[in-house]
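Hi everyone, thanks for making time for me today. I'd like to walk you through one protein model, so please have a look at it on the screen before we start.

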Amino acid sequence: RFHAMNFAAAVDELLDLAQGERCAYAVTANVDHLVRYTKRPELRYLYEQADLVLADGTPLIWASRLLGTPLPERVAGSDLFPALCARAAECDLSVFLFGGAPGTADAAAETMKKRHPQLCVAGTYCPSYGFENDPAECERIVATIRAARPDILFVGLGSPKQEQWIVANKDACGAKLNIGVGISFSFACGHVKRAPCWMQRTGLEWAHRLLQEPHRLWDRRRRRHRDR
């Protein structure tokens, strides 16, 4: 089930969650997520426990219209990250950037601070590869985020790893809004160039990503085929 709302309404709803009383969790789901939900029942809890499930994929919008249950528009995590940072600066909310490729969380935080000097960046943390298998590192990460006391926690670990981590740790970390944003840190700081707007509108952003990261996205396609 997707929440049918446009981008502006989604940002408003996410800001409300960030100012709420409990640790909320939002997912921006694309076609890869949909295949996973359909073919891997053991991972459905990642979506069923979410407070907000937003459609991050033009093909999902097309499909919803064909099925007679139209979603207003695509709500991409890579667009939500800068938009939420801008609103957080206005609303005096703090943010924490966890994950991303080495150096991108720091660089993205610096970029957002330059755009929005009032933004409070509570911290950043880039874990080592395979950190989830190191209990001491996992405890260190949670303790670091909890001590920073962010209102919004952006998690860029890729899917489903980021969703699994959020569900397992959001209450211990204490952020009021937890949201997986994938490669958004790299986009924000310019380490990876995002597709032109016309490619995003026509559902061709995947092709642009494939040209930039052929090995990683080919592995994703192979996993999706295996899950079928």
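Let's begin with two helices and the residues that join them: Phe-81, Pro-82 and Cys-85 in H5 meet Ala-108, Met-112 and Arg-115 in H6. What kinds of residues make up this contact of H5 with H6? They divide into five nonpolar, no polar and one charged.

Keep in mind as we go that this is a predicted model.

Now, how do those helices sit against each other? Helix H5 covers residues 77–91 and helix H6 covers residues 104–115. Their axes come within 10 Å and cross at roughly 50 degrees, so H5 and H6 are oblique to each other. As for the hand of the crossing of H5 and H6, it is right-handed.

Let's step back to the whole chain for a moment. The protein has 12 helices and six strands. Of its 228 residues, 48% count as buried. If you take contacts between residues at least 6 apart in sequence, 73% of them join residues at least 24 apart. The protein exposes about 11700 Å², and carbon and sulfur atoms supply 52% of that.

Next, follow the chain on from H5. In the loop between H5 and S3 you'll find Asp-92. Its phi is near 60 degrees, a positive value in a residue other than glycine. Is Asp-92 buried or exposed? With a relative accessible area of 65%, Asp-92 is exposed, because the cut-off for exposed is over 50%.

Then comes strand S3, residues 94–99, and Ser-94 lies in this strand. Here the relative accessibility is 9%, so Ser-94 counts as buried. Which residues does Ser-94 touch, leaving out those up to four places away in sequence? The answer is Cys-120, Ala-122, Arg-149, Pro-150, Asp-151 and Ile-152.

One of those partners of Ser-94 is Arg-149, so let's go there. Arg-149 lies in the loop between helix H7, residues 135–148, and S5. Arg-149 has a positive phi of about 55 degrees although it is not a glycine. Arg-149 is exposed, with a relative accessible area of 69%.

One last stop, and it's a peptide bond. Between strand S5, residues 152–156, and helix H8, residues 161–173, there is a loop that holds Pro-160. What is the peptide bond from Ser-159 to Pro-160, cis or trans? It is cis, with omega near 5 degrees.

That's my tour, and I'm happy to take questions.

Note on methods
Residues are numbered from 1 along each chain as its sequence is written. This is a predicted model: local features need pLDDT of at least 70, side-chain atom pairs count only at pLDDT 80 or more; totals for chains, interfaces and linings use all residues. Side-chain values use heavy atoms; hydrogens and water are left out. Helices (H or I, at least four residues) and strands (E, at least two) are DSSP runs, numbered from the N terminus. Buried means under 20% relative accessible area, exposed over 50%, partly exposed in between (1.4 Å probe, protein chains only). Contact means heavy atoms within 4.5 Å. Accessible areas come from the Shrake-Rupley method with a 1.4 Å probe; for residues, only the protein chains shown count as cover. Axes are lines fitted to C-alpha atoms, for helices over the stretch in contact, and angles run from 0 to 180 degrees between N-to-C directions. Angles under 35 degrees count as roughly parallel, over 145 as roughly antiparallel, 65 to 115 as roughly perpendicular and the rest as oblique. A crossing is left-handed if the near helix is turned anticlockwise from the far one by less than a right angle, and right-handed if clockwise. Ala, Val, Leu, Ile, Met, Phe, Trp, Tyr, Cys and Pro count as nonpolar, Asp, Glu, Lys and Arg as charged, and the others, Gly among them, as polar.
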